[in-house]
Structure formats: C-alpha cells, structure tokens
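Have a look at the sequence and the structure first.

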2 protein chains.
Amino acid sequence: MILDKLKMIPLGGLGEFGMNCMALRWQDDIIVIDAGLMFPEEELLGVDIVVPDISYLTENRDKVRAILLTHGHEDHIGGLPWILSELNVPVYGTEFTLAYVEGKLEEHRLLDDADLNEMIPGKRFTLGPFSILPIRVTHSLVDCVALAIHTPVGVILHTGDFKVDLSPPDNKPFDLHAFAELGKQGVLALLQDSTNVDRSGYTPSERAVRPRLDEIFGQAKKKLFFSCFSSSIHRIRLAMELAHQHGRKVAIIGRSLDNSTEIAQDLGYLDLPQGLIINPGHIKDHPANKLCIMISGTQGEPMSALSRAAVNNHKFAHIDAGDTVLMSSRVIPGNEKSIYRVIDHLERRDAKVIYDDGASGLIHVSGHGSQEELRLMINLVRPKFFIPVHGDYRHLKRHVELASSMGVVEKAILLEDGDVLEFDKNSATKTGKITVGRVCIDSGGVANDVVEDLVIRDRKHLSEDGIVLPIIAINKRTGLLENAPEIVMRGMAVAEEGLIPEARQVVQRTLDNSSPEEKADYGVIKEKIRNDLKRYIQKSTSRRPLIMPVILEI
Amino acid sequence: MILDKLKMIPLGGLGEFGMNCMALRWQDDIIVIDAGLMFPEEELLGVDIVVPDISYLTENRDKVRAILLTHGHEDHIGGLPWILSELNVPVYGTEFTLAYVEGKLEEHRLLDDADLNEMIPGKRFTLGPFSILPIRVTHSLVDCVALAIHTPVGVILHTGDFKVDLSPPDNKPFDLHAFAELGKQGVLALLQDSTNVDRSGYTPSERAVRPRLDEIFGQAKKKLFFSCFSSSIHRIRLAMELAHQHGRKVAIIGRSLDNSTEIAQDLGYLDLPQGLIINPGHIKDHPANKLCIMISGTQGEPMSALSRAAVNNHKFAHIDAGDTVLMSSRVIPGNEKSIYRVIDHLERRDAKVIYDDGASGLIHVSGHGSQEELRLMINLVRPKFFIPVHGDYRHLKRHVELASSMGVVEKAILLEDGDVLEFDKNSATKTGKITVGRVCIDSGGVANDVVEDLVIRDRKHLSEDGIVLPIIAINKRTGLLENAPEIVMRGMAVAEEGLIPEARQVVQRTLDNSSPEEKADYGVIKEKIRNDLKRYIQKSTSRRPLIMPVILEI
C-alpha cells in the first residue's frame with residue numbers, strides 16, 4: 001500500500017501569462033514541465049526578461065531528474081539558459097523544440113554541457129518513478145505535445161498549449177485517439193491551457209487564414225511586407241507559398257525570423273523552391289511588385305526591424321508609398337500603444353497597413369483552444385481532478401467554473417504559483433506553500449559578437465553594480481534636446497562616477513544619431529539610450545548597472 | 001468681392017485622441033472650437049494632464065472672440081482652466097456642458113472671472129463675422145451639439161462627438177432635419193468625428209444595453225457594484241432605474257460620479273424616487289441584496305474608488321464573496337493592464353466580475369458613430385470639402401478614404417495639428433504650419449481643501465522646481481522593501497536637499513501604510529508615493545518639483 005503522496009508545485013504561469021514552470025515530485029524524484037520566461041511589465045524597464053524563482057529546485061538539486069518541454073515558445077523554454085546555468089539537468093523535447101533550445105543555449109555558451117534528449121510523440125519513456133507519454137497536439141507552432149505522466153498514484157495529463165486543429169497545415173494530426181484512450185483508462189488529473197477560456201466556440205484552423213492572405217497578396221500593388229511571430233512556422237510557410245504563387249521573391253529581415261526559417265527548413269517544415277529566397281541586400285535589384293519582405297516586429301517592439309523601417313531607419317527595408325504592410329498576428333494586450341505608433345508611422349509613409357482591427361478579415365487565428373475545445377478535451381479525458389494552467393487569476397477561475405459546470409470532473413481546483421497540491425489515488429489536497437517569485441534578468445551581451453551573459457537583478461547585484469538613470473528633456477514641439485542629458489548614478493564607486501561626463505556624451509550622441517521620428521517615440525529612444533549606455537559602461541568598467549532612462553517631455 | 005480667406009487651424013486632436021481644439025479665423029476674428037485635455041502616456045508619469053500648446057491664440061490674444069464647446073467630455077473641455085488662465089475669453093456651451101465647466105473652473109478659482117454663455121440647440125447667435133447654429137446630436141453624454149458656423153465663405157460644420165441614436169434615453173432626438181437642411185443650402189466643409197471609423201455598421205442605441213443590464217441586476221445575489229464613466233448620464237440613469245425596480249438602494253462612491261449625478265439631477269436628467277439614494281456611510285445598515293453601489297474607476301485608475309475597494313482599502317466599499325461587480329464601459333486601449341489587475345483583485349475576493357470581454361453580452365455601447373453613421377452624415381450634408389477630426393493619423397487617413405469613396409464630396413483633406421488650411425468659396429488649400437505641441441501640466445493641489453493650482457512643466461519650471469526621483473526596491477517575493485528608499489533630487493537648491501532624510505521617511509511611511517496587494521501593484525504604489533511626497537515637499541518648501549517614482553523589483 002502506498003502511503004506517499006505525489007506533489008504538484010507550480011513555479012510559474014498559474015496567476016500570470018508566461019514563465020510557465022511546474023514541478024512534480026514523487027518521494028526523491030522531481031521532474032519539471034516547461035521552463036518559460038515572461039517579458040517585464042513596463043514599470044520594470046531596465047531588465048530584459050523575467051523568469052521564475054527556482055529556489056525550490058535548487059534546494060532539492062539532487063532530486064531533479066529532468067525538464068520536459070511541451071513546445072518551443074519562449075513562455076515555455078525561454079527560462080532554460082537561466083535554469084540550466086543554476087541546475088544542469090537533462091532536458092527532453094521534440095525534435096523541433098530542441099532545435100530552438102540548441103540555438104538558445106549556444107548563445108549563452110551552455111550547449112556543450114547540456115544533456116538534450118529527443119522525445120517522440122507516441123513513444124513512452126521512463127524517468128525514475130515516472131513514465132511519460134508525449135502526445136501530439138496542434139498549436140500555432142509545430143511539433144507540440146501534451147504530456148501524459150504515469151505516476152504511482154495515477155496519470156497526470158498536462159495539455160501544454162493547444163488548439164484542436166483538424167486540418168493542420170503540416171498534416172500532423174492532433175492525436176484525439178490517445179486522449180480518448182487515456183480517458184478510458186482513467187486520468188487522475190488534467191492540467192489544461194486556460195489562455196482562451198473567455199472565448200466561446202472553436203478556434204479556427206490555421207488554414208482558415210489562407211483565403212484572406214491570398215487576396216491581400218493578389219491585391220498588393222508594390223512591395224508586400226509580411227510580419228508574423230517568428231515562431232509561427234505554419235504562417236511563415238503559408239506566406240512563402242503565396243509569395244511563390246504570386247511571383248514574388250522573399251527577403252527575410254530579422255534575426256529571430258531568419259533563425260526560425262532555417263530550423264524549419266532543416267527539419268522539413270519548409271520546402272522552398274530554388275531561388276525563392278533572396279538576400280535582403282538584393283531587395284533593390286527587384287521590382288517592387290515582385291517582392292515579399294518577411295520582417296519581424298509585429299508587436300511594435302522598439303528595436304525590431306519593422307519599427308525601424310517604419311521610421312526609415314533600416315538598411316534594407318524601406319517603406320515607400322503604395323507598399324502593403326500585413327501584420328498577421330494579434331495585438332497582445334499591453335502592446336497597443338507601441339503597435340499603433342508603428343502603424344501611424346507606416347501610414348504616414350503612405351503604406352497600406354493591414355492589421356488585426358476586426359475589419360480586415362481573417363488575417364490571424366489564435367493557437368489556443370476556445371471553450372468548446374476545452375470542453376472537448378475534458379469530455380475525452382474525464383479526469384478525476386481538473387487544474388487550469390497558463391493564465392491570470394481570472395482565467396484560472398473561469399476555467400474552474402467551466403470544468404465544474406460539465407458534470408464530468410469530480411473536482412476542479414484553482415491552484416496558484418507556490419501552492420503544494422498533494423495527490424493520492426483518490427484525493428487532491430492543498431497542503432502548503434513554497435517560495436516562488438519572479439527573477440529579473442538583464443542579458444549582459446549587447447553586441448552580436450559577445451556571448452550573452454545573464455545578470456540577475458537582485459539585491460546583491462544592485463548594490464554591486466548600481467543603477468544609472470539618464471535623464472533626458474526633449475522638447476516635443478521641436479524634437480530637440482533642451483539641456484545636456486543628466487546622468488544620475490547610485491551604488492557605483494566614486495571613481496566610476498568620473499564617467500559621468502563621458503556618459504553624457506554617449507547619450508548625446510545617441511540622440512544626435514536619431515531621427516526626429518525616433519525621438520518622438522519614447523519607447524524607441526529609451527531602448528536606444530539604454531543599449532548604447534550599457535555598451536559604454538560595460539566596456540569602461542565591466543560593470544553592468546541597471547539602466548533606466550527617464551524622458552521628460554517639455 | 002471677398003479676397004480674404006478663412007483659416008482653419010487645428011491645435012489638437014488631429015493626430016491624437018484627446019486635447020481637441022480647433023481655431024477658425026476670419027481676418028481679425030478668431031473663434032475656438034473645444035478646449036480639451038488628454039491623459040499623459042505612461043512614459044510621462046509625473047504629470048497629470050496634457051493640453052494643447054495655445055501659442056497661436058496667445059500671440060493673437062486681441063483677436064480671440066470665444067471658445068465654443070460641443071459637449072462636456074474632458075477631451076473637449078478639460079483644457080479650459082489652463083486656457084482661460086492664459087486667455088480669459090467668453091465661453092459658449094449648452095446648459096449641461098456649462099454646469100460641468102462651472103465645477104471645473106470653481107476648483108481652480110477661475111469661475112468668478114469667467115464669462116460663460118449658454119447656447120441653445122437650434123438657436124443661432126453671432127460672434128463678429130461668424131454666425132453659429134448649435135445642432136442637437138446624440139452621444140454617450142447628454143446635451144451635445146454639432147456646430148454649423150456660417151462664415152463669409154460658406155458654412156463650416158463641425159460634428160463634435162456623435163452617434164445617430166434614434167432612441168436616446170432622454171428623448172431629445174438627433175436633429176437629422178437640421179443637417180438635411182444645411183445639406184440642401186450647401187456646406188463648404190464638414191469636420192467629422194473619426195473615433196469609430198474602423199467599425200463597420202451602426203453603433204447600437206444607448207437603450208440597447210438595458211436588457212442585459214436588467215438581467216444582471218436580477219441575477220445578482222448580494223451587493224451589486226456598478227461602475228461606468230462618470231459622465232455617462234444615460235447609463236447612470238439606467239442603473240438607478242434598474243436599482244429601483246429591483247428593490248436596491250443606491251450609494252454613490254467617487255467624487256466625479258457624485259458631481260455628475262448632482263448636475264444631472266439639478267438639470268432634470270435624473271428624476272430619483274424619494275429615498276433611493278443612501279449615504280455611503282449607511283451601506284452597512286442595508287442587506288447586501290438590497291444594495292447597488294455606483295462606484296468610479298472603470299479604467300483601473302490607481303487611486304479610484306474601485307481600485308481601492310479591490311485591494312480592500314476603501315472606507316465604505318467592501319467587496320465580499322458573492323458580490324457582483326459590473327463594469328459597464330469599454331476597455332480603453334492602453335489601460336488593459338491596470339483594468340485586468342483590478343479585475344484579478346476582485347476575483348480573488350470571489351466577486352463575480354462582469355466586464356467587456358466580448359462574452360458578457362451587451363453591457364456597453366460606444367458613444368461614437370460607426371461607418372454607416374459617418375456615411376449617413378456625409379450623405380445628408382454633402383459638403384464640398386471633408387476634413388476628419390478626432391483621431392490618430394491612421395483614423396484620419398481611413399476617414400479620408402471612406403469619404404472619398406462615396407462620390408459625394410469634392411475633396412477630402414487630411415489635416416493635422418498645426419496645418420493652416422485656407423478656404424475661399426471654391427477652394428481649400430494648405431498654406432503653412434504654425435507652432436503646436438503638447439503642454440504637460442501638474443495639478444498642484446493634492447489635498448481636497450487646496451485650490452487646484454496648475455503648474456506647467458516646461459523648461460523654465462523644471463529648472464526652478466527641479467525633479468525628484470524616489471527609488472524603491474521591493475522584493476516581489478516577500479512584498480518587503482529591501483533598502484530604505486533612495487531619493488534623488490536634481491535642480492533643487494542645496495538647502496532643500498537637506499530634506500532628503502525626511503522625504504525618505506515620508507516614502508517609508510507610505511509603504512508601511514500600504515497593504516501587500518497595493519505594494520504588488522506598481523501603478524497604485526507609485527501614485528501613492530507621488531501624492532504623499534508631493535504634499536510633503538509642497539508644505540516644506542512651497543516647491544512643486546516633478547516627482548517620478550522608480551520601482552525596482554528585486
């Protein structure tokens with residue numbers, strides 16, 4: 001008879017979107033599902049990424065057997081470099097997911113020491129007391145899996161991110177049978193993606209965007225700029241197919257897009273006709289109406305290729321009157337202002353901008369299942385316990401309500417980061433709370449040739465490396481700087497404060513080299529100042545203070 | 001024969017949402033349409049409001065005859081205190097609009113010197129060479145007008161904000177006949193609201209929300225919190241009617257809501273049954289299911305009553321498990337994060353939160369006309385020239401496209417802030433550019449008993465009053481302050497820097513008096529620190545530096 005309990009401990013993603021990370025523990029064995037990051041709130045400008053506090057794992061470092069990845073999105077794998085540098089354990093993922101992970105670990109010089117293991121959908125493998133079956137699901141990215149984890153008390157089924165796409169463009173079908181089979185055998189707990197719990201009905205198939213996109217490709221009179229998330233392999237493939245059909249050459253601009261395309265090509269997700277892709281340097285050699293330029297930056301990220309092109313500050317991407325810019329993505333809440341600023345800049349260049357404004361037709365579909373798909377999964381799996389994952393508190397709560405109302409689940413449980421939920425074969429009980437939280441990280445590397453180094457922004461580093469506040473007063477009316485930039489430093493050695501005059505010049509130069517449009521866009525100008533000052537201070541002092549530009553509009 | 005031209009010069013609102021202000025000049029006479037404010041972008045934390053630069057008006061102060069107000073929303077009247085303190089000219093508005101203006105001017109001790117003149121829809125009046133006919137339109141607020149301005153070269157028709165509501169709750173109909181009549185007589189230029197140019201179809205009537213709201217009132221088991229924009233008089237009236245029908249007493253919480261309700265009652269827009277309204281202090285004396293609490297703060301404003309109630313920090317408004325919170329408003333882009341934070345806090349208190357998530361039924365309708373209403377107006381008026389107002393660049397551009405495609409207008413012109421457009425009877429030509437811009441203003445008064453004083457944040461004041469950066473390091477995990485707060489001052493006299501130790505204590509006290517929930521909400525905590533520090537510095541030095549709290553999450 002088993003007296004011991006299975007412990008489930010979410011470290012991130014249950015109470016926020018992003019930094020998904022969940023620990024499962026049986027006696028002295030721990031496995032971890034996903035290792036994501038999230039992007040900082042605007043209030044935290046000065047750090048690049050936020051990852052979960054993994055104290056629980058480092059305190060139990062001898063027990064952690066592996067990290068299992070459901071798919072290759074940043075909110076599921078982006079925290080890996082940070083976690084592996086603290087705790088080098090084996091990592092399991094599908095072929096495509098591991099290709100992303102490899103690139104990421106290489107950037108941080110962690111690849112050589114990493115223990116990466118491929119998992120194959122449908123093929124069960126064992127880690128100590130756990131036996132894991134990856135199950136193919138569909139999503140906006142390719143090669144995604146749910147994980148059925150057989151434990152001594154029963155099966156824990158984690159959906160990862162999914163929608164039920166019955167016609168996925170890669171013809172790799174959602175494995176409904178595997179879920180049905182598990183449902184028949186009995187599932188102790190289902191952990192399901194809450195992202196779209198507010199949406200009624202079904203999410204359309206990824207193929208559903210094709211007609212409208214085809215129309216737009218057909219109507220574009222001059223250059224066609226196509227922007228989507230760099231990991232949207234299905235969408236990238238579709239755009240390239242359409243470009244080929246409409247006789248347009250494709251140039252790819254943006255490092256992440258380049259990287260994704262290369263991986264997708266290597267792994268057979270993209271089969272490109274000879275001569276379709278041209279070098280961005282050769283854009284000028286082709287007629288405008290024979291060009292499709294794939295460009296990164298759908299969310300108005302200040303330093304992205306699209307943002308820079310929009311203010312006419314990109315070497316190869318020039319927006320001319322009559323060009324079409326198609327943003328095949330959604331407006332992520334919180335990014336509206338940045339996105340609309342980019343759109344306004346594009347419109348001023350007389351480009352036709354097509355974005356997700358509710359009136360542009362179906363140019364984007366979500367990768368997450370809506371209510372009917374969530375119900376379908378619950379009905380197929382018929383778990384004893386139901387636990388929503390991936391969402392703010394209100395999403396988790398709605399998802400508990402949705403599951404409870406179906407009469408299928410014995411109990412739906414609202415679990416939050418840090419809660420410890422203990423299972424035996426018949427019960428699930430919250431028994432405590434462990435330390436969780438958010439760790440702010442600044443990626444030290446600023447030049448392309450520098451290995452990316454991770455700096456944790458905690459009290460220790462703050463007092464060691466200090467904080468630098470460049471204060472800039474810009475006259476909105478004239479776009480001119482009103483005074484020389486001020487630099488305030490705290491927690492830096494006195495000797496280093498001698499840097500201030502030169503640091504002021506660095507900021508001054510950044511401003512001198514920026515166009516009036518850039519100066520009017522605080523997001524862009526702050527990010528430029530931060531990057532240039534970071535490079536300068538790092539070079540002169542090898543310090544990495546937190547740099548938080550303050551713009552005064554006067 | 002007239003050789004002179006009519007000049008049209010937008011000072012604000014053509015290239016941004018908010019701070020609507022437009023000058024019309026004939027020889028030595030200038031009239032101004034609207035005098036709005038806008039709220040600062042997040043990058044400008046440290047100022048309260050942004051108003052248009054009125055240099056053009058002050059440079060021509062002897063020529064400015066009047067300011068005409070289309071209606072009482074902040075983006076149309078909020079800049080008045082600032083403009084009148086620079087340039088005290090007669091103001092014209094409808095009865096209800098003037099009631100709002102009076103309150104606003106009184107706060108700033110400008111009322112006694114103000115020259116306020118009522119205009120009555122349908123009644124023409126003359127200002128120098130201009131003859132003005134206010135025309136009743138419908139909108140989310142009451143007593144709104146369009147302005148038909150007869151000039152020596154023809155009629156300029158400014159719609160103000162409008163939708164074509166054929167069943168307005170106050171039974172004051174949209175004056176379609178007046179527009180048709182003008183169309184027959186001939187209109188030189190139509191200036192039309194662009195806000196909803198992206199929406200197809202018609203905007204529903206304000207009455208359309210009644211069925212769903214009635215249902216929610218019927219289903220609420222305990223206290224019902226009702227939140228809407230304080231100026232949504234129709235909505236407030238509807239909520240009160242429903243409260244009465246469902247046997248609930250009404251308590252009103254929030255100064256702006258109180259003020260609006262009082263004005264609406266005085267002017268006959270609210271006819272309240274005896275005993276319906278109770279004092280917020282008496283909420284506790286009534287059973288939960290007999291209460292409707294009208295509360296301000298639909299946009300998650302950090303210091304609003306609803307935000308404070310959500311973190312259990314309001315004297316009278318307590319959210320208990322099972323209460324219903326109905327947010328009868330839209331999520332304004334840019335406010336998502338604040339709003340969702342409030343919703344998450346409410347959900348944690350186990351309130352049922354109903355907000356505009358696309359799945360809650362019709363709980364809010366826009367006050368602005370959609371494409372078909374815009375086309376209807378253009379068709380009725382058939383102007384020679386068409387000029388979109390109220391919108392970002394892309395809205396103005398879309399609106400030009402919409403008008404151009406109808407075959408009714410001779411020419412649609414994209415005008416931006418600062419452009420000078422000159423009209424004669426047959427032509428409209430851009431002839432130049434004047435100085436425009438944004439002026440950042442900090443309202444000096446922080447306590448309720450202090451007269452609100454306006455401080456302009458320009459170079460001059462910045463060097464005089466300086467800048468104060470309180471830097472707070474909060475440990476997200478524990479919610480505790482990691483070090484004593486740091487205070488950085490710039491541009492303050494040395495003597496005043498002696499204040500730093502005490503200022504640190506002020507910030508420390510603010511933090512000590514805040515709940516962990518408040519400390520986790522950077523918007524709230526920044527605003528509290530800013531207010532407390534402002535009060536302290538003003539009292540000790542009579543200075544009003546710019547205060548910009550910096551939060552480090554570590």
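Is B:Arg382 buried, partly exposed or exposed? With a relative accessibility of 48%, B:Arg382 counts as partly exposed. Here, buried means under 20% relative accessible area, exposed means over 50%, and partly exposed is in between, using a 1.4 Å probe and protein chains only.

## Ground rules

This is a predicted model, in which local features need pLDDT of at least 70, side-chain atom pairs count only at pLDDT 80 or more, and totals for chains, interfaces and linings use all residues. Residues are numbered from 1 along each chain as its sequence is written, chains are lettered from A and ligands numbered from 1 in the order in which they are written, and side-chain values use heavy atoms, leaving out hydrogens and water.

You'll find B:Arg382 in the loop between helix 11 (371–381) and strand 19 (385–389) of chain B. Helices (H or I, at least four residues) and strands (E, at least two) are DSSP runs, numbered from the N terminus.

Chain A has a case to look at too: A:Asn171, with a positive phi of about 55 degrees although it is not a glycine. A:Asn171 sits in the loop between strand 12 (154–158) and helix 5 (176–185) of chain A, and it is exposed, with a relative accessible area of 59%.

## Salt bridges, pair by pair

A salt bridge is a side-chain nitrogen of Lys or Arg within 4 Å of a carboxyl oxygen of Asp or Glu. By that rule, there are 58 salt bridges over all chains. One of them joins A:Asp28 to A:Arg25, at 3.9 Å from N to O. A:Asp28 is partly exposed at 47% relative accessibility, whereas A:Arg25 is buried at 15%.

Next, look inside helix 17 (residues 522–541) of chain A, where A:Glu527 and A:Arg530 lie three residues apart, about one turn of the helix. Their side chains form a salt bridge of 3.3 Å, N to O, and both residues are buried.

## Across strands, and a network

In chain B, the side chains of B:Asp29 and B:Arg65 meet in a salt bridge at 2.4 Å, N to O. B:Asp29 is in strand 3 (residues 29–33) and B:Arg65 in strand 5 (residues 64–68) of chain B, so the pair ties together parts 36 residues apart in sequence. B:Asp29 is buried at 17% relative accessible area, while B:Arg65 is partly exposed at 28%.

Which residues link up in a network of salt bridges? They are A:Asp198, A:Lys397, A:Arg398, B:Glu347, B:Asp350 and B:Asp357.
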